[in-house]
Amino acid sequence: MIDSTILAEAEAGHLPLAESKTREALHYALRNRKVVGGLAVVLAFLALGLAAPLFTDHGPNDFVGPPAAPPSGDYWLGTTTFGQDVFLQFANGIRSTFLVGFLGGGLAALIGMTVGFVAGYRGGLVDELLNMLTNVVLVLPALVVLIIFHAYVGVTSVPMQALFIGAFSWPWVARAVRAQTLSLRTREFVDLARLSGMRTTAIIRREIAPNMSSYLVMTFILLFGGAVLFAATLDFIGLGPTDVVSLGLMMNSAVRWSALHLGLWWWFVPPGAGITAIVGSLYIMNVGLDEVFNPKLREE
Amino acid sequence: MRRYFGRKLFIYALTFIVAVTINWMVPRFMPGDPVLRMLTRTSVSNPDAIAPMRAYYEKVFGLDVPLWKQYLNYWAELFQGNMGVSVWLFPTPVTDVITGAVPYTLALLLPSILLSWWAGNKVGALAARRKWLDNSVLPASYVLTATPYMWLGILLAWSLGLVAGLFPIAGGYSFDRQPTWSAAFLADLLAHWILPFLSLFLVAFGGWAIGMRNLIIYELEADYASYLEALGAPRRLVRRYAFRNALLPQLTGLALQLGVIVAGALVTEIVFGYPGLGSLILNAITNQDYFLLQGVFLFIVLGVLIANFAIDVVYVLVDPRTRIGMQGGSA
Amino acid sequence: MALQVKDLRVYYRTLRGDVQALDGATFTLADGEIMGLAGESGCGKSTLGKSLIRLDARMRLVGGSVELDGDILPIGDDEAMRPLRFTKVSLIPQYAMSALNPTRKIGKLIAELLRSRGFDYGRFRPELIRRLELVGLGREVLDNYPIELSGGMKQRVVMVLSTLLDPGLLIADELTSALDVSTQRAVAEALVEFRDRRFVGSIIVITHDISLVYQIADTIMVMYAGKLAEKAPAETIVTAPRHPYTQLLLSSLPEVGVRYSDRKLTGIPGRPPTLLKPPGGCRFRDRCPLAYDKCREEPPFTEVAADHLVACWKAM
């Protein structure tokens, strides 16, 4: 997997091996069309979400314009039936999208990797118990559980929504990480670390995880995308935070206020299109990263 | 074999217990007592008919009954098929409301899951070997799988339903009709079914196509494929083996995706006002019908568990390695 | 079947250019001859073996010709080779233990393979069973899945399958690398028996273990860095090698009974040259203790004694 010239350089004492691996990965990543293209789209949306609300003097839910107006110079994505600025709602919705994706995906990644590492490394009873936990959470259909929670407890903020989503999206990660940990655990460098008295967490952190770093990056991207879709579904049913704008909530409002029948396409097409674009770009980035990390796929 | 299924059933039983416990416990975390509030509200309008609800409530939520007894009572009632009475469709028992909606949801889920899996696998396999197909199918599949279920539903409802006027977009059948076994009614059912089905089918299809395409490419590089090629086997044979072998992880993937597809079906029903469990959930939430909500939740969990088990059985039948691994291989 | 290879060149395509893995191999193989093909990793022996039956996606035929029994073997043309594979040229792959489809019973796999090649499985079945019994496997093996067999058993199944149609040329790639010593012996002996019973014509046994191949081969050919170094009868190679590389290779073999406190085990210092842009002249020149200025010119692979070919100025 390592460039032989870099290996030679490292052996000659020029570069520490881990650093050179990252350098090499970065080099190829920036030249991969899928990675660059996908990243560009995602960053463009992020920029939109961050910047746009700063340049307007009204809020996304303010009644500022003529009701149900199609896109125009004043209102780039038209207005809702109440005269709210759809473009501004869209930009604010993007913010929530990124926030929930980052927090929710991040939490799921953290839980999944921890459970997976510990289960794979420790084995025995710990492994059995964690496996049971993983399997139960895996089989439980997350959406309905969250519906029950939300219906009773209510979700008031995006971070809280992200917490719930993260708490249910991790099982597949745990399984995969466990499998990889199991195979890495029996390798010589881990035995060496164990013999030298390193603690378990240190071994996981310094010996095992770096070997899986590429996989972990790709997993986080998938979790991010998954969290975005999940949140959009919850928001659409009406079980998301209602004080902030979100893309799912926009679609919910649009359907509720007969946007379909009134033909107000600028209200319900952009939110879903935005989600599709962001999540799709993330998936494409992932395919590109796979090529970067697995040189065999690179030679096209 | 018994150990394998034993373990699986144990997990499923455990999951069901967890689900039931969640169902019973969560209302307790709410500030105040919404169930009581709901009951009081309803009792104002229907004082007499409230009696069965009150009785149920007392047994599983009641203040004078100790907590553990409440829990056991909940289970006892469950096994007797009593999940309380619906508030929204008072005085229909929850189980009856649910059984009225289940056929619609199943009518959406079963065909869309099976057809999208089968078609996605076939097309994915084809894309793996024809470059031109690969270049069109792959990007399209990525877009489809990134599409939120409800958005595609909205788009289809708007474009094919309203703008083109080809299909109706609300309800399970036309409001002016009565359910009968006539061809006209069946045609009407079908017309209402098509768009939600299509929506579910397309999104799921994208995922399977991508997965299969990647798996086939991987299988074609496997040692057994290289060996067959070295022995001059025709492409046909190698592809057939690769496809068969790639189906196995796709089957596992199906079990993993069940939760996602069910979620997709629920929101799609909401978009189209299709009278299945999804619409039921929405109504339960809007009307604060907690008994109904809990009932639907348990039903869905049960359904998913049964489906998982079915897939486990199929997997064992299809993969000789699991069968033999369990019986203990000979040396 | 007589095999004639003339100036065979096969390169690997990579992003950074062509790796000249096999750079001009010329030799012949007589009918019924077992030739051991030895050399260190990366010397080109696997490339040579593979190219005679199937070029994989990265390999490129750059030049040369191969004749089997007087007929040209169209190794550059994948489709033209297809009918000849299994029937005229066959392979026991390096990965024999994972070469069988894990989800098919062995008998079914063989039947489907034969039928897809237009052969009647029923007609071959008795012979198949006979040969399986010859290598110590019962007919029940046909009803097993690969997972039910041990590594050695799978190896033997592959041996029998690959030779079922009595190919004129068999390529055995690293036949025994993954086996324990006693199984190695059994497999090697089975190979010789196949040749003696005329199940196969000639065999090329690719290995990095000279001591093993010495037991069964008639001749041994040593390769280095994509070029042929020496070819001679097995006895000659082991007792009187002429190429410095072969000599060093043999002397670096551990000997039973010799203690290494008395005599140190030496390897050959240095590394093979990169094949991306290989140096001109003799490729062993940088590590050769006998190198002198003539070595800057590439030595031809010439016959220095009966059936003994060497590519070394000093040996001629």
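**Entry 1. Strands of chain C**

I began with β4(C) and strand β5 (residues 71-72) of chain C, which pair in the antiparallel sense over two bridges. The model is a predicted one. I looked up one of these pairings: Leu68(C) has Asp71(C) in β5(C) as its bridge partner. The two strands form a hairpin, and I found two residues between them. Asp69(C) sits in that turn, and I noted its positive phi of about 65°.

I then turned to the pairing of β4(C) with β1(C). Strand β1 (residues 3-14) of chain C and strand β4 (residues 59-68) of chain C run antiparallel, and I found eight bridges joining them. For a landmark I took Tyr11(C), which stands opposite Arg60(C) in β4(C).

**Entry 2. A helix pair in chain A**

Next I looked at helix α4 (residues 86-122) of chain A against helix α7 (residues 158-168) of chain A. Their axes come within 8 Å and cross at roughly 35°. I recorded the crossing of α4(A) and α7(A) as right-handed.

I listed the residues that make this contact. From α4(A) they are Ser96(A), Leu99(A), Val100(A), Leu103(A), Gly104(A), Leu107(A), Ala108(A) and Ile111(A). From α7(A) they are Val158(A), Pro159(A), Gln161(A), Ala162(A), Leu163(A), Ile165(A) and Gly166(A). By class, I have 11 nonpolar and four polar residues in the contact of α4(A) with α7(A), and no charged ones.

**Entry 3. Chain A against chain B**

I moved on to the contacts between chains. Chain A gives 36 residues to its contact with chain B, and chain B gives 41. I sorted the side of chain A that touches chain B by class and got 29 nonpolar residues, seven polar and no charged.

**Entry 4. Chain B against chain C**

Last, I looked up the contact of chain B with chain C, which takes 22 residues from chain B and 24 from chain C. The elements of chain B that give two or more residues to this side are α9 (223-230), α10 (235-272) and α13 (320-327). I noted α9(B) as the source of the largest share, seven residues. The class count for the side of chain B that touches chain C is 12 nonpolar, five polar and five charged.

Notes: Residues are numbered from 1 along each chain as its sequence is written. Chains are lettered from A and ligands numbered from 1 in the order in which they are written. This is a predicted model: local features need pLDDT of at least 70, side-chain atom pairs count only at pLDDT 80 or more; totals for chains, interfaces and linings use all residues. Two residues are in contact if their C-beta atoms, placed from the backbone, lie within 7 Å. Ala, Val, Leu, Ile, Met, Phe, Trp, Tyr, Cys and Pro count as nonpolar, Asp, Glu, Lys and Arg as charged, and the others, Gly among them, as polar. Helices (H or I, at least four residues) and strands (E, at least two) are DSSP runs, numbered from the N terminus. Axes are lines fitted to C-alpha atoms, for helices over the stretch in contact, and angles run from 0 to 180 degrees between N-to-C directions. A crossing is left-handed if the near helix is turned anticlockwise from the far one by less than a right angle, and right-handed if clockwise. Two strands pair if DSSP finds at least two bridges between them.
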